Amino acid sequence: MKGVIFGAPGSGKGTYASRLQAKLDVEVIAMGDIFREIMKQETKLGKKVRGYVEKGLLVPGKIVTEVLKERLAGIPKGKGFILDGYPRTIEQAKLLAKITDLDVVILLTVPDWIIIERLSTRRICKNCGTVYNIRFLKPKVDNVCDKCGGPLYQRPDDTPDVIKKRIEVYEAQTKPILKFFEEKTLPFVVASCNELDTPPETIVAGILDDLRKRNLA
Ligand code: ADP
Ligand code: ZN
């Protein structure tokens, strides 16, 4: 399966993609995670990327393209993938269409109030990137990752002002891609979440069901 998981910031892309990866034989390419890794390095590139991410702005196309091509090239032949956080602009969508075909778009629809509530209470493992939420998806021990024991932190772009900016950027630059996908007549699997405390497993089970119906899982 070659797919894209698509939705607003905080719609759960990373949370569901990592769970889907565990159930399907696919690799997840998570652009945000890759940029957070790059930002950890005190290199010129790391500092440049930080300047965008911490303001809630998109990283420039040239950098993104290079990262994408490198990661796609690293996927073993015949193995599927899920792209999380790519494409985020029409230009990126067009470029992707040139590089590879897609089988499916997994579309996450979540009301704004849930997004804001979730992002402001989100915590991430510094070591392995697993996503938690101090209200709805708690680790077993406060501030400690269940998987690797690493410390949890709040992303610097999960503050109210930057969250607002990211949602604006999504509405203006990313959401229009949906029309592009529709014109390509790509199949959509839609997962809607209208409650704050729906467990990720419930959503993931729904997505898997749909993928199976389409012979993609
Ligand atoms: P979100 O929760 O907003 O979906 P991500 O972890 O996917 O967060 O991305 C974090 C940040 O990384 C974005 O706000 C943006 O600055 C940068 N980024 C991620 N993917 C892309 C992309 N495809 N193009 C440009 N910038 C990106
Ligand atoms: Zn961890």
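Mentor: Helices (H or I, at least four residues) and strands (E, at least two) are runs assigned by DSSP and numbered from the N terminus. This is a predicted model, in which local features need pLDDT of at least 70, side-chain atom pairs count only at pLDDT 80 or more, and totals for chains, interfaces and linings use all residues. Residues are numbered from 1 along each chain as its sequence is written, ligands are numbered from 1 in the order in which they are written, and side-chain values use heavy atoms, with hydrogens and water left out.

Trainee: Which helices each supply at least two residues of the lining of the second largest pocket?

Mentor: Rolling a probe the size of a water molecule over the atoms shows where empty space is left. Here, α2 (31–40) and α4 (61–73) each supply at least two lining residues, and α4 gives the most, with six.

Trainee: How many disulfides does a search of the whole structure find?

Mentor: A disulfide is a covalent bond between the sulfur atoms of two cysteines. The search, which looks for a pair of cysteine sulfur atoms within 2.5 Å, finds zero.

Trainee: What lies 2.9 Å from an oxygen atom of ligand 1?

Mentor: A polar side-chain atom of Arg36 does. A polar contact is a pair of N or O atoms within 3.5 Å. A backbone N or O atom of Leu57 lies 2.5 Å from an oxygen atom of ligand 1.

Methods:
Polar contact = N/O pair within 3.5 Å; in protein donor to acceptor, adjacent residues only side chain to side chain.
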